Amino acid sequence: MRRTKVAAILRDTEYGKEVNVKGWVRTRRGNKFVNFIALNDGSSIHNLQIVADVPKFSEELIKRITTGSAISVTGVLAESSGSGQSVEVQATNIEVIGDCNADEYPLQPKKHSLEFLRDIAHLRFRTNIFGAITRVRHSMIFAVHKFFSEKGFYNIHTPIITASDAEGAGEMFRVTTLDVNNIPKTEDGIVDFSQDFFGKSTNLTVSGQLEGELAALAMSEIYTFGPTFRAENSNTARHLAEFWMIEPEMAFYDLDDNMDLAEEFTKYLLNYALDNCKEDLEFLSNRQQEEEKNKKAEDRSMELIEKLKFVVENDYVRLTYSEAIDILMNSKPHKKNKFQYPITGFGSDLQAEHERYLVEKHFKKPVILTDYPMSIKAFYMKQSDDGRTVRAMDVLFPQIGEIIGGSQREESYDKLLERMRVLDLPEKEMYWYLDTRRFGSVPHSGFGLGFERLMLFVSGMGNIRDVIPFPRTPKNAEF
Ligand code: ATP
Ligand code: MN
């Protein structure tokens with residue numbers, strides 16, 4: 001008999017028909033006459049209730065149906081009389097596919113802390129919370145591709161191993177096949193990378209943007225969605241050493257077009273979650289409220305679904321970096337010396353605490369800041385006529401701060417080269433990037449959306465380690 005997934009059975013109303021279902025047991029309870037088994041196969045936040053008339057089965061079989069065991073059940077679909085579910089399966093045959101020793105199984109049918117679950121990340125998919133996150137994550141990946149495909153953008157795979165470190169600035173992971181216990185050196189005593197696999201020094205990419213630009217300047221509108229790696233030693237709840245980034249790059253877009261796209265894109269993703277992940281979002285919302293119930297009212301987050309709708313229904317506020325600095329300089333936390341990183345004026349790099357002040361306290365909406373000081377932004381950003389700002393944009397969200405970083409790109413060969421020289425970037429090695437500005441250069445723009453930052457926002461989770469299956473962070477590469 002063909003297996004039906006739990007999610008499909010829960011929607012079915014053809015009572016009386018025979019079904020087969022396979023999955024993992026969450027709980028078994030009952031008495032010597034009847035047992036109720038909660039079965040989950042990952043397809044739904046809701047378990048399927050299996051009703052087993054105990055006398056119909058051997059005692060030995062019933063004992064093996066423990067939390068964590070895998071079973072196959074054939075039975076009759078019935079309308080449920082119990083509360084909390086519409087259907088149940090009255091078992092006629094139960095087979096144990098995989099036993100699970102309840103004494104050794106780390107997951108008990110009770111609430112475990114997120115920290116504990118991180119230590120057993122190989123098993124945490126089997127919890128309600130990571131089931132929900134995994135399904136929402138999948139939906140968001142799918143929505144990213146759907147959005148861009150419907151708009152005529154092409155998906156480009158950019159390299160993961162790269163010899164260019166123009167963007168990395170000391171935050172890159174080295175890729176090498178050299179024997180680290182016996183590194184070959186040149187006569188001058190420096191590492192001889194000519195003997196390395198690629199014949200030069202290589203690293204894991206921190207962004208696919210530069211290669212993305214090459215594609216955009218032929219295909220018009222492209223996007224990448226790949227893994228990126230940053231060896232930044234920031235052990236925060238918003239940083240991973242390995243994360244996924246979506247980077248659209250568009251020819252003939254100026255900064256306003258870029259902001260419009262970023263706003264439309266993020267709203268599309270949130271709408272997609274609201275339309276397609278309702279039950280999982282309700283579960284995640286309850287989880288968050290449960291977690292925050294002991295907090296003071298003013299420290300509690302907005303209810304998750306309400307929060308997503310709020311972002312979707314409101315225009316993002318757009319203002320310049322300089323205007324934001326004025327607001328921050330006049331803010332209470334600045335005047336009372338409450339910021340950990342004091343704002344000193346134009347040129348100050350904004351930290352998450354400042355970004356969150358603007359979004360959560362001042363505007364109470366997502367904010368797009370533009371026109372940052374040239375000195376704190378990357379070399380490829382379009383220089384403004386004022387000689388001190390670049391056409392950068394950061395999209396700031398409540399709870400997380402920066403979710404998108406982007407800019408209009410400098411399309412003038414001379415200006416780009418001049419900036420690279422000031423910053424001492426290897427112009428010879430970057431010839432391929434500079435070539436785009438020599439052969440049919442056009443205004444173009446793009447941005448990077450950190451996928452796990454988006455997931456934090458959509459799921460209401462507080463730590464980025466809990467929205468990626470296997471987090472990589474300083475001193476942690478388990479599983
Ligand atoms: P932050 O100031 O938060 O460290 P950034 O300025 O380094 O961010 P960009 O280089 O602009 O970020 O990268 C684009 C996007 O990638 C960011 O807006 C963010 O969403 C995401 N991002 C950056 N670093 C990380 C990280 N270590 N882990 C997860 N996401 C990240
Ligand atoms: Mn960073």
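Me: In this predicted model, which residue in the turn of the hairpin formed by β14 and β15 has a positive phi?
Reply: The strands β14 and β15 form a hairpin, and three residues lie between them. Within that turn, one residue has a positive phi of about 75°, and this residue is Q399.

Me: How many bridges pair β14 with β15, and in which sense do these strands pair?
Reply: Strand β14 covers residues 389-397, while strand β15 covers residues 401-408. The two pair over six bridges, and the sense of their pairing is antiparallel.

Me: Which residue of β15 is the bridge partner of V395?
Reply: V395 belongs to β14, a strand that also pairs with β13 (residues 367-373) in the antiparallel sense over six bridges. Towards β15, the bridge partner of V395 is I404.

Me: How many of the nine residues of β14 are buried?
Reply: A residue counts as buried when its relative accessible area is under 20%. By that cut-off strand β14 is mostly covered, and the number of its nine residues that are buried is eight.

Me: Which residue in β9 is the bridge partner of T162?
Reply: Strand β9 covers residues 202-204 and runs antiparallel to β7, to which two bridges join it. In β9, the residue that partners T162 is N203.

Note on methods: Residues are numbered from 1 along each chain as its sequence is written. Chains are lettered from A and ligands numbered from 1 in the order in which they are written. This is a predicted model: local features need pLDDT of at least 70, side-chain atom pairs count only at pLDDT 80 or more; totals for chains, interfaces and linings use all residues. Side-chain values use heavy atoms; hydrogens and water are left out. Buried means under 20% relative accessible area, exposed over 50%, partly exposed in between (1.4 Å probe, protein chains only). Helices (H or I, at least four residues) and strands (E, at least two) are DSSP runs, numbered from the N terminus. Two strands pair if DSSP finds at least two bridges between them.
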